[in-house]
Amino acid sequence: MNGNKFLLTYEESRSLDQFTITEKKIPSSILMGMAGVSIFQEYREKFSGKKILCLCGSGNNGGDGLILSHLFFQAGFSVEVFVKKGNHSLAFQFYRKLLSRTFIPVSNIETFHPNYYIQENVLIIDALLGTGFQTPVKEDIAQYIRAINYLKKKNSLCQVLSLDTPSGYSPDSQVQVHPDYLAEIGSKKMETLFLRLEENQISFHPIGFSIEEFISLQKTNVRFFQFEKPKREELVSITKRKNDSHKYLNSAISFIGGSEGMSGAIYLAIKMFHRLGGGISKLFTHSTVTRNLILKEDPSFMVDIISSSSVHDKFLHKSEVVLIGPGLRIEELKISLSEMIRMDSFAILDAGAISLANEMELNEKIILTPHLGEFGALVGKKFQNQRDALNDLIKFSRTKNVNVLLKGSLNILALPNGEIYFAKTPNPILAVMGTGDLFAGALAFFLARTKDVTLATRYAIYLLYRTRKIEKKYPTSIEILNYIGEEL
């Protein structure tokens with residue numbers, strides 16, 4: 001697992017709650033109390049001076065809201081609580097009685113009217129629905145979800161903190177709370193990664209669940225993980241050359257790409273490989289213009305015009321990784337590129353080469369790197385977002401026995417063994433021409449160094465993510481490349 005964090009689906013998180021209560025004998029009232037204390041400690045300073053409005057549903061999520069309201073009140077905040085009628089759990093009733101011994105105003109949720117608070121500095125605690133709700137959201141709750149969103153829209157001082165999940169949130173829900181902050185409770189949720197929230201808007205409150213033990217008991221063919229960020233020291237260590245090293249020991253990679261007019265793409269990929277400490281490389285291109293431009297830029301590069309004899313090239317057979325695609329127009333090639341990939345070496349199909357995946361035999365040493373549109377073309381579908389594509393991504397990876405990295409602000413790596421890794425790395429600085437080629441070169445380098453698809457992908461993603469520190473507003477790809485060199 002390489003130190004990465006387990007992610008649970010909503011369904012699994014509900015099962016984890018029951019496992020903890022029934023098997024570990026921890027009452028739900030204790031779990032609520034632990035969650036409330038942890039969340040309160042996280043946010044008490046951030047929301048200083050605000051009036052607290054807590055909207056509680058009838059389930060355990062509402063119970064979390066009750067204990068949190070109590071803690072804010074005890075710390076001196078002005079608090080109002082609105083509770084939905086229903087069959088409340090014993091834990092909910094316990095905290096409801098606790099509030100009745102205070103001066104906190106507790107009202108039926110039907111009395112909540114957002115217009116009363118248009119001018120006030122308020123925090124809404126969204127405790128209406130947890131992960132157990134069923135779509136579509138029933139109207140008796142949907143009206144209060146809309147009321148929360150309305151107040152947030154009309155009042156610039158209004159902020160919303162959702163507990164465990166935004167009420168109503170699911171891939172196909174039309175009515176859901178749009179929070180400013182999310183406090184995840186017990187387990188990190190896979191679905192949360194698809195929210196439009198930044199890292200600093202989400203807090204995690206583990207409260208002692210035995211997640212690894214729970215996971216080991218589950219019979220499922222798919223496991224979700226969140227990549228952990230490598231520290232700078234780890235990236236420096238993996239790029240460092242040994243004192244007694246030679247060029248082949250520092251990785252050998254074959255590059256295939258650079259159609260005429262697109263030489264810059266393959267050049268950036270090669271430069272990234274060498275900037276990170278790659279030992280030796282060779283470019284195979286069908287464009288004499290690209291060959292001449294590359295050699296003019298750096299005569300030390302090895303460049304060859306690709307032909308049918310290239311499959312027997314000695315360097316190709318020494319290469320640990322073959323990167324195919326940057327700046328490549330597949331339709332202009334006269335040979336089958338599948339013959340350029342050996343079964344005992346790693347291969348990356350990027351950019352123009354991704355479409356080859358439907359024409360060749362794939363294996364677990366090959367990684368495809370499509371963005372959403374490219375993946376849609378690969379499977380013959382159109383997707384509105386990455387969440388819509390997730391099931392197809394998992395199915396494609398398993399049935400084709402290939403690794404697929406679906407790129408975007410949320411990167412999703414699907415392995416053929418059913419492991420799915422996520423990295424949420426929005427970085428607007430990377431929205432410039434050529435950064436995809438830099439990423440491909442970095443991925444090739446780390447794949448050659450680690451011989452591990454998961455590790456290599458993690459390193460490449462977070463290497464590029466580090467460029468968010470660049471002070472220049474709109475850096476070029478070359479400036480990004482130079483920054484990475486200085487950073488490491």
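## A left-handed helix pair

H7 passes H14 in a left-handed crossing, a term used when the near helix is turned anticlockwise from the far one by less than a right angle, with right-handed used if clockwise. The contact (heavy atoms within 4.5 Å) is made by Glu234, Leu235 and Ile238 on the H7 side and by Arg458, Tyr459 and Leu463 on the H14 side. Sorted by class, the contact of H7 with H14 has 4 nonpolar, no polar and 2 charged residues. Here Ala, Val, Leu, Ile, Met, Phe, Trp, Tyr, Cys and Pro count as nonpolar, Asp, Glu, Lys and Arg as charged, and the others, Gly among them, as polar.

Now for the geometry. Helix H7 covers residues 232-239 and helix H14 covers residues 453-465; they pack at an angle of about 120°, with axes 11 Å apart. That angle makes H7 oblique to H14: under 35 degrees would be roughly parallel, over 145 roughly antiparallel, 65 to 115 roughly perpendicular, and the rest is oblique. The axes are lines fitted to C-alpha atoms, for helices over the stretch in contact, and angles run from 0 to 180 degrees between N-to-C directions.

## Ground rules and the whole chain

Please keep in mind that this is a predicted model, where local features need pLDDT of at least 70, side-chain atom pairs count only at pLDDT 80 or more, and totals for chains, interfaces and linings use all residues. Residues are numbered from 1 along each chain as its sequence is written, and side-chain values use heavy atoms, leaving out hydrogens and water.

The chain holds 15 helices and 18 strands, which are DSSP runs numbered from the N terminus (helices H or I, at least four residues; strands E, at least two). Of its 488 residues, 57% count as buried, meaning under 20% relative accessible area, with exposed over 50% and partly exposed in between (1.4 Å probe, protein chains only). The C-alpha atoms fill a box of roughly 85 × 45 × 45 Å along the principal axes.

## Two loops worth a look

Most residues other than glycine have a negative phi. Asp164, although not a glycine, has a positive phi of about 70°. Asp164 sits in the loop between S6 and S7 and is buried, at 11% relative accessible area. That loop, between strand S6 (159-163) and strand S7 (181-185), also holds Gln176, which is buried at 16%. Beyond its neighbours within four places in sequence, Gln176 is in contact with Ile145, Asn149, Ser167, Gly168, Tyr169 and Ser170.

Lys451 also has a positive phi, of about 55°, and is not a glycine. Lys451 lies in the loop between helix H13 (435-450) and H14, and counts as partly exposed at 42% relative accessibility.
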